[in-house]
Amino acid sequence: MAWITDLLIAANILALLYFLVVNGSYITLILLSWLQVRESRRQDNLFDLSGLFDTDLYRSASILAPAYNEEISIVESTRTLLNLQFSNYEVIVINDGSTDRTLDKLIENFDLREIDRYIPKRLETELVRRVFGSKKHPNLYVIDKENGGKADALNAGINASRKDLIFSVDSDSLLEEDVLKRMLTAFTLDQETVAVGGVVRVANGCTFRHGVVDSVRVPDSYIERAQAVEYLRSFLFGRSSWDYLDSLLIISGAFGVFDREAVIRIGGYLTDTVGEDMELVVRLHRYYIDNKIPYRIRFLPHPVCWTEVPDNRKTLGRQRNRWHRGLADTLFRHRKMLLNPKYGRLGLFAMPFFLFVELLSPVIELAGYVLFIVSWLLGVINFTFFLLFFTVALLLGVIMSVLSVLLEELTMKKYDRVRDVMVLVLYAFLENFGYRQMHVWWRFRGLIDFIRGKKEWGKMVRKKTF
Amino acid sequence: MIELINDHAFSFIYYVLLVMAALTLFVLVTTVISRWYSERRTYRRELLEEELGEKIVSYVSGDLSLEEVQNSLHNRLDYQVMLKLVYKLEKSLEGVEEKRLQELMEVEATRDHFLKRFKSDDVILKAKACLYMSRRKSIQKESVREMVKLSASREPILAYAAATAVIAHGSMGQKATALRSVLYNREISRMAIGDLFVKFSRYGEEYHIREMEVISAMIEDPKVVPERKAILIRIFDELEYYHSLEFLLEYYRPDHPPVVMKALINLLAKFGVEEILPDIHQNFSVSNDPEIRKAAADAMGFFKKEESIPVLKRLLNDADYRVRYAAASGLAGYDQVDLMGLRNEVSDPEELDKLMGEILAEKGWGG
């Protein structure tokens, strides 16, 4: 019996250490991101002064918007894409075999007609049935193809693109007008840039007028508010810190710009994964490092894309399950990079972080909960220790989230009212009771589903925020 | 350790809760202060923009004197707002009004502010100072010399900003040195380089003879890498330097690296230099590089010479789709070519139909 006690004590200490290391590294990353966001802001300001973008010598861009059963939001989101401030760009909406009225709505609202547009098969895709052009908008094209999933739709868009850069966006997201210009600064600053990601923010609760954000507010429900805090912590400041370390592994599928030739060179998006966005970025890293070609992959904290997040547990659970399967799949496919000095900071720091902290944390956290209950029941630890551990874990989680809210307030100030900031601070506490545990569970299920080989996307339900 | 924790757990919890409370309070106070400060600043800025905007417009129209505008400038924010307004107005004014607006850039306090930034070690502040100086009417020769040195900085932002200022104020020799430094710096993007050469041309004289000579010398410079040489050749096209033709003909040799050759073929074809056609038929159309074959197909489509038709037909079966597209597009421009008959010349008639459909629709002949 004594050995069980010893084992449980050791496991408890290990769990405690894991929590401290994980949360400590998160807090460090958030602090690093502050430096990065500050520097990026100064650079951004410089571009306003330089008079750049006065000439036509800049790189052109194709915006690729894959759409599958998006009849609710497709017209508004396409309209927004057509109103961006940029001189040389085309919008390619890819109707990925929708079974609803997505295509009809596009045809009706944008005066589309079938056109001849040669689409070379540089990347293999499902059959492209028709291509439409718009009489009203000469830079709008709609590709109607057989269903093949988001990655396949993006590949079809890449084949159809005639521009230097491809800009992948989700059809249910809304871009701020100046995003293309802002994203292009990274390509202008550094010749070796091949991909740039921007910030995805929670649109729920905000109001929009004519495709432009009118007021920024926190959403209404617990689950949406918890996500608002999470998006700040993970997607804004988390990614800024990876950019600071020049080791960015994820560019959100909802909002990323890539050098088209670079993407074609590595074979485009993979169609047999649900984490195609992360996988593409990791493959780009791998290609350039393997071939010893200098490159940069950047994250910019100022260009903003507003996205509608799930407002119910079922949809959110499916989304997080999919994200976690995508993460597992990418790390598994590129396991050669893990702890491999050839890949520098990526192999020695970013990949292990994503494996031990992002991927395995649900397993360890769930095991921690079980371990604590068993230890308590067996009398290895008393209730006060149990309470203490929980409080410390809570404190570290809260510090991370509160720091993110604070940094948001000190750098971006996107939320219009102090009240909203205070709500976010409150949810930095509250997300630890319920949301965190659900999140752990969804991600744990995601990992199990990955092991079982599940590759379904899962149905997403939208409620039309824009 | 476990015993220690068990014994003092409630004290620990108490401290942890205390830290959380302190943290929340800290965020609350910081948020309120930061909001108050930011909103106050925004309000003041908006008010200032309105007031100063009116004064600047009156000043450039000649209704107010420079002294009167100067008297309304008291602190750093006033000057920041003034500069922002000047930058905004700059693009929309010309002639006397533009000159009067430029006088505002010369206000002593603004000059001193940027001079301090110029002396700082911070790359971005230095770059901002250089960009400010690029907008001034004139600057000291010593400053120009300093900026020529800065244009060789490894920091792309600083090198770009310094070169911008040298282009605005330097002698032709200094401009050439700065531009050369920028060309040597591989971290500076082709977009930024293009931008600098457009500015270089804007500040030049009417026929841009000297500018053309400077660019030509850079194209011949062995230290400039082929990719950058190709950019310079494309810049001749962008800036419409037709008088560069003599240089280009002299420079033209079929053994240049592919990236340079491609730019040369494109430009010489645009300039209508038919002398390159034999090379196009015999060498470039069978090059190993698809970019060269595409440039050759584009050029043949441009010249529309009968002897190019068989070559273009051959290129309709090229391995690279861009070459096939260019060949189809070129053939579509020949009156004497039976487009339907081309289906017999290709291995994939369906693809040709799609290509031709798009090409003809774009030319306004169908679709």
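Two strands are taken to pair if DSSP finds at least two bridges between them. On that basis, in this predicted model, eight bridges join β8(A) to β12(A), and the two strands run parallel; within this pairing, Thr193(A) stands opposite Arg296(A) of β12(A). Strand β8(A) also pairs with β11(A), residues 255-259, here in the antiparallel sense and over three bridges, with Gly197(A) placed opposite Gly256(A) of β11(A). Strand β8(A) is mostly covered, ten of its ten residues being buried.

These pairings belong to an open sheet of ten strands in chain A, whose order is β3-β4-β5-β2-β1-β6-β11-β8-β12-β7 and whose pairing is mixed. Because β3 (112-115) and β7 (173-175) of chain A stand at the edges with a single partner strand each, one side of each is left without a neighbour in the sheet. From one strand to the next, the twist averages 30°. Helix α6 of chain A, residues 222-244, packs on the sheet, where it touches β8 (193-202) and β12 (296-307) of chain A, and the direction of this helix makes about 160° with that of β8(A). In general, strands of a sheet pair through backbone hydrogen bonds, in either the parallel or the antiparallel sense.

Elsewhere in the sheet, strand β2 of chain A, residues 89-96, pairs in the parallel sense with β5 of chain A, residues 140-145, over six bridges, and Ile94(A) stands opposite Ile143(A) of β5(A). Strand β1 of chain A, residues 61-67, likewise pairs with β2(A) in the parallel sense, over seven bridges, and here Ile94(A) in β2(A) is the bridge partner of Pro66(A). Strand β2(A) is mostly covered, with seven of its eight residues buried.

Most residues other than glycine have a negative phi. Asn69(A), by contrast, has a phi near 50°, a positive value in a residue other than glycine, and lies in the loop between β1 and α2 (74-82) of chain A. With 19 C-beta neighbours inside 10 Å, Asn69(A) counts as partly exposed, since the cut-off for a buried residue is 20 or more. Lys292(A), which is not a glycine either, has a positive phi of about 55° and is found in the loop between α8 (276-290) and β12 of chain A. Lys292(A) is exposed, because 6 other C-beta atoms lie within 10 Å.

Val21(A) is placed in helix α1 of chain A, residues 2-50, and counts as exposed because it has 12 C-beta neighbours inside 10 Å. Although Val21(A) and Val357(A) are 336 residues apart in sequence, their C-alpha atoms are 9.2 Å apart in space. Thr315(A) has its place in helix α9 of chain A, residues 313-333, and counts as partly exposed because of its 18 C-beta neighbours inside 10 Å. Thr315(A) and Ala186(A) are 129 residues apart in sequence and 34 Å apart in space, from C-alpha to C-alpha.

The contact between the chains takes 49 residues from chain B and 42 residues from chain A. On the side of chain B that touches chain A, at least two residues each are supplied by α1 (2-60), α6 (123-135), α8 (156-169), α10 (190-202), α18 (321-332) and α19 (349-362) of chain B. The largest share of that side, 21 residues, comes from α1(B).

As to the confidence of the prediction, chain A has a mean pLDDT of 88, and 95% of its residues reach 70 or more; for chain B, the mean pLDDT is 86, and 97% of its residues reach 70 or more. Among the elements of chain A, the lowest mean pLDDT, 80, belongs to α1(A), and the highest, 96, to α8(A). For the complex, the predictor gives an ipTM of 0.74 and a pTM of 0.84.

Technical notes: Residues numbered from 1 in each chain as written. Chains lettered and ligands numbered in written order. Predicted model: local features only at pLDDT ≥ 70, side-chain atom pairs only at ≥ 80, totals over all residues. Helix = DSSP H or I, 4+ residues; strand = E, 2+ residues; numbered from the N terminus. Axes fitted to C-alpha atoms, helices over the stretch in contact; angles between N-to-C directions. Contact = placed C-beta atoms within 7 Å. pLDDT = per-residue confidence, 0-100.
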